[in-house]
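Reader: Please take one part of the model and look at it closely. Begin with the charged side chains, then follow the strands and the packing around them.

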Amino acid sequence: MAESSERASLSDDDDRQEQDAASDQTDSEYSDDGGESEDSDEDDMEEEPKLRYRRVGAGVRDLLDKDAASALRVSDKFVALGTHWGAVHVLDFEGNVIKTFQKHSATVNDISIDDAGEYVASASDDGKVFIYSLYTSEIQHFNYRRPVKAVALDPEFARKSTRQFVSGGMAEQLIMNDKGWLGNKDVVLHANEGPIYSIQWRGNFIAWANDEGVKMYDTTTNLRITYIDRPAGSPRADLYKCRMCWKNDNTLLIAWADTVKVAVVKEKPKQAQAQGQPIHYVEIITMFQTDYIVCGIAPFNDTLLLLGYIIENDENALDADTQDPAMQRKRRAVRPELHIINGENEEISADVLALHGFEHYQANDYVLEYLDEEDMFYVLGPKDLVAARPRDQDDHIEWLMDHERYGDALQAAREAEAHYGGSRRFDVGEIGQTYLNWLVEHRHYEEAAKECPGVLGNDRTLWEDWVFRFTELGELKAIAPYIPVKDPQLSSTLYEIVLAWFLKSDHQALRTTIHQWPRSLYSLSNVIVAVEDYLPKDKDNEILLECLADLYTYNNQPDKAIEYNLRLRRPNAFELIQEYNMFDAVKDKAVLLMEFDQHLLESEEKKRQEGGSPKSIKKRTQMPAVQMLVKNTEAIPPNKVVRQLRSHRRFLHIYLDALFDRDRHIGYEFHDMQIELYADYDYPKLLDFLRASHYVSLEKAYNVCEKKDLVPEMVFILGRMGDNKKALMLIIERLGDVQRAIDFAKEQKDDDLWEDLLTYSMDKPKFIRGLLENVGTDIEPLRLIKRIPDELEIPGLKEALLKILQDYNLQMSLHEGCEKILVSDSVFLADRMYRTQKRGINCNRKFTCINK
């Protein structure tokens with residue numbers, strides 16, 4: 001089994017210090033006492049316990065000072081405790097005594113409570129069973145004259161008139177007592193298999209244990225339904241009595257010495273049921289052995305909770321032959337343990353309990369009881385009553401804090417605050433402060449700085465304290481990215497201290513911080529003076545030049561900022577010009593601005609070739625200078641820019657191209673000029689430009705294209721001018737592109753143009769074939785075929801004619817199919833109309849006939 005043990009201890013002295021029995025704060029509690037770890041690795045591997053323990057004080061302390069506990073039973077309303085002096089005490093969950101019944105003259109061996117919580121039964125070595133009514137003065141008394149070891153009330157005892165209960169003990173009989181017309185009557189259900197030490201009644205099933213094993217009885221059929229034998233080789237039953245409890249109405253948990261079994265009651269199939277035979281059977285679904293004596297068993301969610309009893313040097317602990325008084329006196333018991341076992345029979349937790357006088361007790365002296373509704377568990381020793389419950393969020397946080405897992409504790413506290421209304425015992429802020437101190441002490445400065453926003457929140461004082469602390473430690477760089485600039489905003493002096501520290505130690509961080517922080521946080525003038533004073537030490541420091549450029553910009557001194565930006569050749573020079581409306585200063589610097597674009601473009605190209613810039617290079621028209629010029633035409637008129645760039649035709653083309661892309665109407669007077677510029681520097685865009693511009697002189701454009709022999713553009717311009725025939729001749733004679741000629745004729749939708757094309761093509765087999773392959777709605781195939789000269793050899797003529805025939809057949813087939821569908825639909829609709837008109841009409845006397 002995989003073990004993880006968490007020790008829980010409580011000293012006697014601490015226990016005696018409790019003064020107020022009703023106060024949870026002064027109740028002695030079981031605390032985590034992991035002891036001093038041998039090394040830090042062992043402490044890191046330590047697992048958190050599953051349960052939290054509390055010694056039940058109040059009236060219990062006084063009772064057990066004078067008496068010794070022997071039996072315990074828990075209901076959802078109270079706790080019933082039996083003692084060796086024969087008393088039964090009814091307690092609340094804090095240990096205060098509500099009622100006491102002193103009826104027995106010997107040890108109380110067992111207690112039972114009905115489901116309603118109205119009756120309590122007790123069994124004693126004096127041979128008597130008492131049943132106490134908690135809400136009336138009724139007390140029933142039954143004397144069996146032999147020690148009674150176990151008793152169980154009918155769960156519905158308070159609701160049924162039969163008032164049944166079962167008991168058993170040294171008389172070796174399981175006796176059911178019920179109330180009839182003539183009084184109470186005892187019925188022996190089972191006998192002569194040894195003393196009965198345990199009885200559990202739930203629903204319709206009664207389970208009891210004797211020397212032979214565990215039996216089960218069905219009260220609905222009055223039949224015994226199973227026998228679960230005692231494990232082979234088990235020690236004497238009187239020394240290690242069987243412990244049982246019902247997990248639910250059908251599942252019984254059994255622990256006998258070092259063996260654990262889980263039994264499930266199942267109903268037999270209808271066909272297997274017989275008259276006079278039990279209709280249920282029991283299946284053992286789990287069985288395993290432990291390396292300790294189990295003196296208590298209870299369900300805990302999907303796991304089992306076992307109370308373990310261990311003896312020092314217990315090699316012979318389970319050997320029945322060594323159970324003589326002398327050997328018993330030699331062996332001393334160690335502290336009992338609570339073990340949690342999962343569904344795979346693996347141990348997932350083990351807690352050691354420090355009960356008073358544990359070294360002198362035997363396994364039968366301990367009792368484990370549980371309250372299923374609240375997952376509460378009670379461990380009873382002769383001088384102690386300990387309550388255990390699942391650890392809550394506060395317990396989890398406390399354990400993490402004790403083990404210096406402050407980060408996990410902070411996360412747990414935040415989750416509790418978000419989902420459970422917060423922790424009752426811990427403050428998120430205090431945990432966070434502890435965590436930050438721990439991180440700094442261990443020199444985890446980056447992690448500490450990262451946690452500051454969540455821990456310090458909007459507390460200005462805390463923020464300033466921690467920033468100063470990081471400054472003292474020389475780790476200001478770590479916390480700088482997290483220093484708040486709003487909610488809360490810190491003092492300007494602190495922000496200036498941070499910047500001054502960066503100026504001396506980390507210029508890169510200085511630049512980053514200046515970019516990130518709002519300019520209103522600190523005095524711009526003070527920082528500018530500090531940087532200017534430092535700059536002579538490193539005149540060519542580009543980072544400091546950038547800082548000054550930005551600081552002057554923020555301080556509304558764009559003239560000085562432009563100086564540094566130009567020295568740095570920074571693209572944001574254009575942004576400064578636009579932001580501060582400095583267009584008057586640059587409107588006569590068009591060539592310089594365009595050269596700046598050229599420099600940036602060459603730099604990007606160089607980076608790309610060197611593999612340092614994986615991104616594609618911007619188009620020339622997208623560079624910052626030209627974009628600034630075209631976006632601000634009111635401040636920088638195009639006429640003035642064009643005049644400056646006339647001697648730099650490439651720059652002029654880039655500017656006019658960008659201007660045209662932005663607005664086709666601005667700079668329309670330069671469209672004629674752009675034709676030649678496109679032809680020289682960006683020919684692929686010329687045709688698109690001609691199609692998009694409505695301000696181009698067609699004659700001038702044609703002359704330019706004719707001069708440069710740009711045939712496609714000449715064809716387009718002739719088409720725009722209406723000289724379609726000349727355009728067609730250019731396509732045919734200069735380009736020799738039959739497809740383009742056909743497309744042109746289709747676009748113009750001119751029959752005369754088709755005629756010219758047919759006439760021209762009659763002695764050109766290539767054109768004839770192209771026409772044959774593209775005939776259709778625009779031209780009749782026969783019109784073309786009839787005009788083909790005889791004896792003219794046309795490559796691919798057969799294939800072209802076959803394609804025409806196939807297309808014709810396809811058209812005819814589609815026509816016939818459509819006609820059939822139309823006829824079929826017409827017949828169907830006519831038939832439906834005929835049937836509708838023939839259909840009779842239901843008439844009555846209210847209908848009126850109208851003669852037409």
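How many salt bridges does the count come to?

Author: The model is predicted, so local features are reported only at pLDDT of at least 70 and side-chain atom pairs only at pLDDT 80 or more, while totals for chains, interfaces and linings use all residues. Residues are numbered from 1 along each chain as its sequence is written, and side-chain values use heavy atoms, with hydrogens and water left out.

The count comes to 34 salt bridges, a salt bridge being a side-chain nitrogen of Lys or Arg within 4 Å of a carboxyl oxygen of Asp or Glu.

Asp392 forms a salt bridge with Arg389, with 3.7 Å from N to O. Helices (H or I, at least four residues) and strands (E, at least two) are DSSP runs, numbered from the N terminus. Arg424 is exposed, with a relative accessible area of 71%. Through shared partners, the salt bridges join Arg52, Arg389, Asp392, Asp394, Asp395, Glu398, Arg424 and Arg425 into one network.

The other place is the pair of Glu94 and Arg54, a salt bridge with its closest N and O atoms 3.7 Å apart. It too links distant parts of the chain: Glu94 sits in the loop between strand E6 (87-91) and strand E7 (97-102), while Arg54 belongs to strand E3 (residues 51-55), 40 residues apart. Glu94 counts as partly exposed at 25% relative accessibility, whereas Arg54 is buried at 15%.

Tyr378 has Ala387 in E30 as its bridge partner, and the hairpin formed by E29 and E30 has two residues between the strands. Strand E28 (residues 367-371) is joined to E29 by five bridges, and these strands run antiparallel. In that pairing Leu368 stands opposite Val379 in E29. E28 and E29 form a hairpin with four residues between them, and in the turn Asp375 has a positive phi of about 50 degrees.

How well covered is strand E29 (residues 376-381)? Six of its six residues are buried. One side carries Met376, Tyr378 and Leu380, the other Phe377, Val379 and Gly381, and both faces are covered.

Elsewhere, an open sheet of four strands has the order E12-E13-E14-E15, with antiparallel pairing. Strand E12 (148-153) and strand E15 (183-191) are at the edges with a single partner strand each, so one side of each has no neighbour in the sheet. The twist averages 20 degrees from one strand to the next, with axes as lines fitted to C-alpha atoms and angles running from 0 to 180 degrees between N-to-C directions. E12 is joined to strand E13 (residues 165-169) by five bridges, and Ala150 stands opposite Gly168 in E13.

The packing comes last. In soluble globular proteins, nonpolar side chains tend to be buried together. A nonpolar core is here a set of buried Ala, Val, Leu, Ile, Met, Phe, Trp, Tyr and Cys residues joined through side-chain atoms within 4.5 Å. The largest has 94 residues, and Val467, Phe470, Ile479, Tyr522, Leu645 and Tyr655 have the most contacts inside it. Helix H14 (residues 542-554) gives the most to this core, with nine residues. Contact means heavy atoms within 4.5 Å. Apart from neighbours within four places in sequence, Leu645 is in contact with Ala590, Val591, Met594, Phe651, Leu652 and Tyr655. A second, separate core has 40 residues, among them Ala257, Ile297, Tyr309 and Leu338.

Helix H14 also holds Glu546, which is buried with a relative accessible area of 17%. Leaving aside neighbours within four places in sequence, Glu546 is in contact with Arg511, Leu568 and Arg570.

Terms used
Buried < 20%, exposed > 50% of the residue type's maximum accessible area, 1.4 Å probe, protein only. Pairing = 2+ DSSP bridges.
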